[in-house]
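This briefing covers one protein chain. The sequence and model come below, followed by notes grouped by topic.

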Amino acid sequence: MLTIVPLLIPLTQNTGIAILQALNIHKGRAVILFYSSLICVILGALVSSTHGAIGMFIATAASLFIGQGLLLNIYYARKAGLHMGRFFRETWLPMLPSIAVLVPAGFALKTLYPPSDWGELLTLGAIYSCLSLALLWLFYLRGEERAALAQPFAGASKKCGPRC
C-alpha cells in the first residue's frame, strides 16, 4: 500500500505526459523525475538502515508523493497551463466516499475472513470487486458514463428477447 497509493496520482495523469510531449516541454518532467529518484535513493539509504524494508517503502512513497504528486502537478499547471486543481476536484473528490467505505471494508474482510486457500482468496476478491464497482457506480460515475457502460448490456437484453 505504501508504494501503490502514491502511484495512483501519476496513473490518473497519463494524458498529461502526452500533452507535455505535444508541447515539447517534457524535458522538465524528466528532470523532476530524476531528482525524485535521487531523493528516493538518498532517503531510502538513510531510513532503511534503521527501519529496514518498511523504511525503504516509506522513502519510496515520500519521494513519489513529492516528485509525482506535488512537483509534477506544479509543472503541469505552470508550464503546460493545465488546471490541476480542477482535475483533482473532478477526479479525486468524487472518489472519496468510495474510498471511505472500501478501505475499512478491505480491512474488515481481511480480519474477519482471512483466506486459507486460493478459492477463499478469489471469493473475497470477487466480493470486494463487486463492492468497488457498486460504490463507483453510485458515487463516482456521471450520468453519461453510467449510460455508456450500461448500453452494451441493454443491447444484449434486447437480443435475447423474452427468454432473458
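Which residues does Gln 13 touch, not counting residues up to four places away in sequence? They are Gln 68, Asn 73, Tyr 76, Met 84, Phe 87 and Phe 88, where contact means heavy atoms within 4.5 Å. The model is predicted, so local features need pLDDT of at least 70 and side-chain atom pairs count only at pLDDT 80 or more, while totals for chains, interfaces and linings use all residues. Residues are numbered from 1 along each chain as its sequence is written, and side-chain values use heavy atoms, with hydrogens and water left out.

**Overall build**

- The chain holds 7 helices and 0 strands; helices (H or I, at least four residues) and strands (E, at least two) are DSSP runs, numbered from the N terminus.
- The radius of gyration, taken over C-alpha atoms, is 21 Å, well over the 15 Å that the globule rule gives for 164 residues, so the chain is more spread out than a compact globule. The globule rule is 2.2 Å times the number of residues to the power 0.38.
- Along the principal axes, the C-alpha atoms fill a box of roughly 65 × 45 × 25 Å.
- Of the 164 residues, 23% count as buried; buried means under 20% relative accessible area, exposed over 50%, and partly exposed in between, with a 1.4 Å probe and protein chains only.
- Among contacts with a separation of 6 or more, 67% come from residues 24 or more positions apart.

- Helix H1 spans residues 4–12, and its buried residues are Pro 6, Ile 9 and Pro 10.
- Seen down the axis of H1, these buried residues fall within an arc of 90°, so they line one face of the helix. The arc is that of the directions from the helix axis to the C-beta atoms.
- Ile 4 and Leu 11 are exposed on the other side of H1.
- The partners of the buried H1 residues are H2, helix H3 (27–79) and H4.
- Gln 13 sits in the loop between H1 and H2, and counts as buried at 5% relative accessibility.

**Second largest pocket**

- About 190 Å³ of space lies in this pocket. The volume is the space filled by probe spheres set on grid points, which are joined across faces, edges and corners.
- On a 1 Å grid over the protein atoms alone, a pocket is an open set of points where a 1.4 Å probe fits, with protein on both sides within 12 Å along at least five of seven lines; lining residues have an atom within 4 Å of a point.
- The lining consists of Thr 12, Gln 13, Thr 15, Gly 16, Ile 19, Tyr 76, Leu 82, His 83, Met 84 and Phe 87.
- Helix H2 (14–22) and helix H4 (84–91) are the elements that give two or more residues to this lining, and H2 gives the most, with 3 residues.
- By class, the lining residues divide into 5 nonpolar, 5 polar and no charged. Ala, Val, Leu, Ile, Met, Phe, Trp, Tyr, Cys and Pro count as nonpolar, Asp, Glu, Lys and Arg as charged, and the others, Gly among them, as polar.

**Residues of helix H3**

- Gln 68 belongs to helix H3 and is buried, with a relative accessible area of 14%.
- Not counting residues up to four places away in sequence, Gln 68 touches Ile 9, Pro 10, Gln 13, Leu 33, Ser 63 and Asn 73.
- Ile 32 is also found in helix H3 and counts as buried at 15% relative accessibility.
- Leaving aside neighbours within four places in sequence, Ile 32 is in contact with Gly 67, Leu 71, Leu 72 and Tyr 75.
- The C-alpha atoms of Ile 32 and Ala 62 are separated by 14 Å, at 30 residues apart along the chain.
- Leu 64, in helix H3, is buried with a relative accessible area of 14%. Its C-alpha atom is separated by 9.2 Å from that of Ile 39, 25 residues apart along the chain.
- Met 56, in helix H3, counts as partly exposed at 31% relative accessibility.
- C-alpha to C-alpha, Met 56 and Gly 44 are 4.7 Å apart in space and 12 residues apart in sequence.

**Loop between H2 and H3**

- Asn 24 lies in the loop between H2 and H3 and counts as exposed at 59% relative accessibility.
- Phi of Asn 24 is near 60°, a positive value in a residue other than glycine. Most residues other than glycine have a negative phi.
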